[in-house]
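Please keep the sequence and the structure in view while reading.

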Amino acid sequence: MFPMLKDKSVEELRKLLSDKEAYRQFLHTFDDVQQLDHLRIDLKKNNLDLARKNLEKESEINQLNNQCMIIRTTELASAQEKFQELHKQEMEVKDRLSISALLNRLQGSINEADENSENTHRRLLSGELELGEFIQMYKKQRILYHRRTLVHLAAVAPG
């Protein structure tokens, strides 16, 4: 069954079983074992070469990682800054167009229309305006005043 052992004496076989060094030397006399040893040595050498190459590239990898981090942070900072500016603009527009802001502006224009019609009335009383001219101006100004007042009342009415 094992032709390499058939020529061995009982004493030699006992020595192979009891002496590890003799057993190792005996195994290394076979071509297959020698090939395996050479393969193992080649694998170790190749692994060491790959490990050295990887270690040589470590600083380059770290530099590239640092560059990527710098790019990410600068782009992120730029994008966040742009976002903050746009958010600020959005809030300003919302503030200007909020219901309360629009109602305040409408109330201001109502007060202005009322004041303009009062000024026109004073000008008539002081003789600066003719009656026909006064009626035209005053009528337009009061219509504007009442339209704005109705819009304001409709906006603040519940429901």
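## Helices, rings and burial

Leucine 27 has a relative accessibility of 28% and therefore counts as partly exposed; buried means under 20% relative accessible area, exposed means over 50%, and partly exposed lies in between, with a 1.4 Å probe and protein chains only. The model is predicted: local features need pLDDT of at least 70, side-chain atom pairs count only at pLDDT 80 or more, and totals for chains, interfaces and linings use all residues. Residues are numbered from 1 along each chain as its sequence is written, and side-chain values use heavy atoms, with hydrogens and water left out.

Leucine 27 belongs to helix α3. Helices (H or I, at least four residues) and strands (E, at least two) are DSSP runs, numbered from the N terminus. In sequence, leucine 27 and leucine 16 are separated by 11 residues, and their C-alpha atoms are 9.8 Å apart in space.

**The contact of α2 with α3**

Helix α2 covers residues 10-18 and helix α3 covers residues 20-27; the two pack at an angle of about 105 degrees, and their axes are 5 Å apart. Helix α2 is therefore roughly perpendicular to α3. Axes are lines fitted to C-alpha atoms, for helices over the stretch in contact, and angles run from 0 to 180 degrees between N-to-C directions. Angles under 35 degrees count as roughly parallel, over 145 as roughly antiparallel, 65 to 115 as roughly perpendicular and the rest as oblique.

From α2, the residues Lys15, Leu16 and Ser18 meet Lys20, Ala22, Tyr23 and Phe26 of α3, where contact means heavy atoms within 4.5 Å. Sorted by class, this contact has 4 nonpolar, 1 polar and 2 charged residues. Ala, Val, Leu, Ile, Met, Phe, Trp, Tyr, Cys and Pro count as nonpolar, Asp, Glu, Lys and Arg as charged, and the others, Gly among them, as polar.

**Aromatic pairs**

How many aromatic pairs does the structure hold? There are 2 aromatic pairs. Rings of Phe, Tyr and Trp (its six-membered ring) pair if their centres lie within 6.5 Å; planes under 30 degrees apart count as stacked, over 60 as edge-to-face and the rest as tilted.

| Pair | Centre to centre | Angle between planes | Kind |
|---|---|---|---|
| Phenylalanine 26 and phenylalanine 30 | 5.1 Å | 85 degrees | edge-to-face |
| Phenylalanine 134 and tyrosine 138 | 5.0 Å | 25 degrees | stacked |

Phenylalanine 26 is buried, because its relative accessibility is 14%, whereas phenylalanine 30 is partly exposed at 22%. Phenylalanine 134 and tyrosine 138 both lie in helix α7, 4 residues apart, about one turn of the helix. Phenylalanine 134 is buried at a relative accessible area of 9%, while tyrosine 138 is partly exposed at 25% relative accessibility.

**Histidine 152 in α7**

Helix α7 (residues 131-156) also holds histidine 152. Is this histidine buried or exposed? With a relative accessible area of 16%, histidine 152 is buried. Apart from neighbours within four places in sequence, histidine 152 is in contact with Leu103, Leu106, Gln107 and Ile110.

**Separations in sequence and space**

Glutamate 56 lies in helix α4 (residues 31-56) and is exposed, with a relative accessible area of 62%. Between glutamate 56 and tyrosine 23 there are 33 residues of separation in sequence and 42 Å in space, C-alpha to C-alpha. Asparagine 119, in helix α6 (residues 99-125), is partly exposed at a relative accessible area of 32%. Asparagine 119 and methionine 91 are 28 residues apart in sequence and 38 Å apart in space, C-alpha to C-alpha.
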